[in-house]
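Here are some friendly notes to read alongside the model. Please keep the sequence and the 3D view open as you go.

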Amino acid sequence: MAAIPPPACPTVTAIYAAYEAAADSGYRAHLGASLIGTECERAIWYSFRWATRARHTGRLLRLFDTGNLAEARFVADLRRIGVTVLDLDPATGRQWNLRDASGHFGGSMDAVAIGLPEAPTTWHVCEFKTHSAKSFAKLKAEGVAASKPLHWTQMQAYMHLAGLDRAFYLAVCKDTDELYQERIRHDAEAGLRILAKAERIIGAARPPARISQDPAWWQCRFCDHHAICHAGAAPERHCRSCLHASPVHGGDWHCARHAAPLDRRDQEAGCAAHLYLPDFVAAEQVDAGEDWVSYRLPDGTEWRDGVPAAAPPDIVSHLPCRICRNTIYRVGPGKGPHIAELICTGCETGGRWLSKIDAVAMGVAA
């Protein structure tokens with residue numbers, strides 16, 4: 001007898017689809033404290049450079065949301081016993097947002113609290129987590145540092161950036177609702193190492209060494225970036241994967257090709273002048289020009305990354321059009337002090353004027 005297919009679940013399917021539709025782009029703007037404890041620095045660098053877009057199923061997105069919803073209950077539990085909990089920054093009215101001096105590394109604390117029975121006069125960084133039964137049993141047996149080193153490192157980063165000496169880790173077993181607590185002491189040396197690690201990764205123009213050259217190594221096998229790191233896959237084209245873009249002070253990014261700052265929307269869109277960082281191309285670099293790089297592929301053929309060798313002189317690339325997000329423009333006559341006007345080839349919107357300095361930098365004839 002043929003197997004009877006499982007019954008259709010259109011409502012559940014629709015719920016999962018709604019989570020997927022509401023998901024963000026899959027890229028994190030900053031280097032998060034929740035990742036900095038990852039042992040492989042290359043994996044962290046790949047995440048910072050948006051090498052792999054995070055794509056999660058609706059079921060997993062809902063699971064993440066369950067963890068977020070638990071935070072409000074943790075806060076209510078602490079307040080119920082008289083603990084003062086600040087889950088929002090009084091200065092902004094929003095979640096606590098911590099950043100290092102570069103503006104590129106940090107994270108969002110769950111809360112800060114004072115009045116805990118163990119230390120009623122000490123402010124604590126609060127970190128709330130949910131665990132499966134297996135993970136919770138390991139946590140109880142070994143403590144946070146041994147069983148969840150990424151969580152421990154995250155709290156050390158928060159304590160260092162917030163200038164607090166203690167953290168309070170409060171966890172729940174999702175199967176039984178049993179709670180676990182642990183007070184964590186600030187390790188100043190660890191905090192400095194964490195910030196130095198973040199600075200090293202943020203400033204790296206090339207990916208750090210792999211944790212293993214063996215693609216079957218367990219940490220590599222389960223890494224989000226396995227295909228790019230070990231199988232030669234290429235990341236999507238956007239500013240973070242482009243050799244023209246680099247992080248600058250204040251948590252910002254800058255494009256050397258267009259001599260312009262890059263906001264989040266610009267970074268995700270990229271432009272026609274995109275050139276992969278050479279380490280993202282699984283090939284030997286053989287030549288390069290102003291707007292192109294050529295590579296010899298493993299099969300011996302050559303591949304050219306960049307604009308055509310003979311692009312029309314009146315066609316240039318620039319930052320995405322504010323109307324249609326196209327990045328190819330026709331050069332029109334200037335007006336007043338402006339040497340030229342850029343007119344979008346996608347929607348014919350003009351009004352993007354070039355000074356003489358800008359025109360020279362882009363190779364536009366005066």
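1. First, the ground rules. This is a predicted model, in which local features need pLDDT of at least 70 and side-chain atom pairs count only at pLDDT 80 or more, while totals for chains, interfaces and linings use all residues. Residues are numbered from 1 along each chain as its sequence is written, and side-chain values use heavy atoms, with hydrogens and water left out.

2. The domain assignment gives domain 1 (11–203), domain 2 (237–306) and domain 3 (315–362); such bounds come from an automatic or database assignment. The C-alpha centres of domain 2 and domain 3 are 21 Å apart. Their contact (heavy atoms within 4.5 Å) takes 12 residues from domain 2 and eight residues from domain 3.

3. How much area is buried between domain 2 and domain 3? It is about 890 Å², with 56% given by carbon and sulfur atoms. Buried area is the accessible area (1.4 Å probe) that two parts lose on being put together, summed over both. Between these two domains the count of salt bridges (a side-chain nitrogen of Lys or Arg within 4 Å of a carboxyl oxygen of Asp or Glu) is zero.

4. A UniProt record, an unreviewed entry, places "domain: PD-(D/E)XK endonuclease-like" at residues 78–230. Positions follow the numbering used here, feature names are shortened, and annotations may be inferred rather than shown by experiment.

5. The structure holds 17 salt bridges. Glutamate 142 forms one with lysine 138, their closest N and O atoms being 3.0 Å apart. Both residues lie in helix α4 (residues 133–142), four residues apart, about one turn of the helix. Helices here are DSSP runs (H or I, at least four residues), numbered from the N terminus.

Note on methods
Helices (H or I, at least four residues) and strands (E, at least two) are DSSP runs, numbered from the N terminus.
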